[in-house]
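Dear colleague,

Please find below the structure that I am handing over to you. My findings are set out after it.

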Amino acid sequence: MKNLFLTALMALFMGTVVAQERPTHEIHAAMIYNFMKYIQWPDDGGTEFVVGVLGEDNVFNTLKNFYDGKPKGTKKYSIRKLSDISEVGTCQVVYIGKNKSKDFDNVKNAIGSKSILTVTDSFNLGKKGSCINFKVVDEKLKFEINQASMNGASLKVAGQLSSMAILI
């Protein structure tokens with residue numbers, strides 16, 4: 001039953017781009033939130049679960065309004081607008097908007113092998129090493145998972161999420 005619900009929920013988010021019932025930034029924010037539910041991070045002992053957004057003010061504002069301060073297990077979500085690449089190392093998730101995709105290599109270098117989920121929205125960044133990359137296929141929003149990047153960041157992805165992704 002849980003798998004059916006997850007599949008229906010993700011299908012709803014991925015299929016609504018065509019109808020444009022919701023703005024893309026809201027869909028991205030909701031999908032990022034759902035990704036975090038199905039990925040396991042090594043325990044770092046902190047009290048905050050930091051989601052950093054580089055670029056894309058609309059995605060940042062949506063995440064901030066919907067999720068900032070809400071519980072994630074024993075932690076609380078902290079949504080932060082990143083003004084500099086040097087700040088990515090303090091996050092568990094970094095979303096790099098389309099308008100900052102040119103900075104991906106610098107972000108990737110700043111992260112190194114830390115357990116940070118990178119989520120991007122730009123052509124080919126999944127193949128370049130982003131953990132998750134949004135991609136439009138046949139006018140529908142899909143997402144790619146780069147398993148090598150996930151492994152390099154010591155992140156474990158639930159099978160339910162992997163089964164809905166384009167695996168790289």
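Predicted model: local features only at pLDDT ≥ 70, side-chain atom pairs only at ≥ 80, totals over all residues.

Residues are numbered from 1 along each chain as its sequence is written, and side-chain values use heavy atoms, with hydrogens and water left out.

Helices (H or I, at least four residues) and strands (E, at least two) are DSSP runs, numbered from the N terminus. Strand β6 (residues 117-120) is covered on both faces, with L117 and V119 buried on one side and T118 and T120 buried on the other. Buried means under 20% relative accessible area, calculated with a 1.4 Å probe on protein chains only. In a regular strand the side chains alternate between the two faces of the sheet.

Strand β5 (residues 93-96) runs parallel to β6 and is joined to it by four bridges; two strands pair if DSSP finds at least two bridges between them. Within this pairing, I96 lies opposite T120. Strand β7 (residues 132-137) is also parallel to β6, through two bridges, and V119 is placed opposite I132.

Residues of α2, including H25, A29 and Y33, meet residues of α3, among them N58, L63 and Y67. Contact means heavy atoms within 4.5 Å.

Finally, S162 is located in helix α7 (residues 159-164). S162 is buried, because its relative accessible area is 16%. Leaving aside residues up to four places away in sequence, S162 touches I145, Q147, V157 and L167.

Yours sincerely

Notes. Buried < 20%, exposed > 50% of the residue type's maximum accessible area, 1.4 Å probe, protein only.
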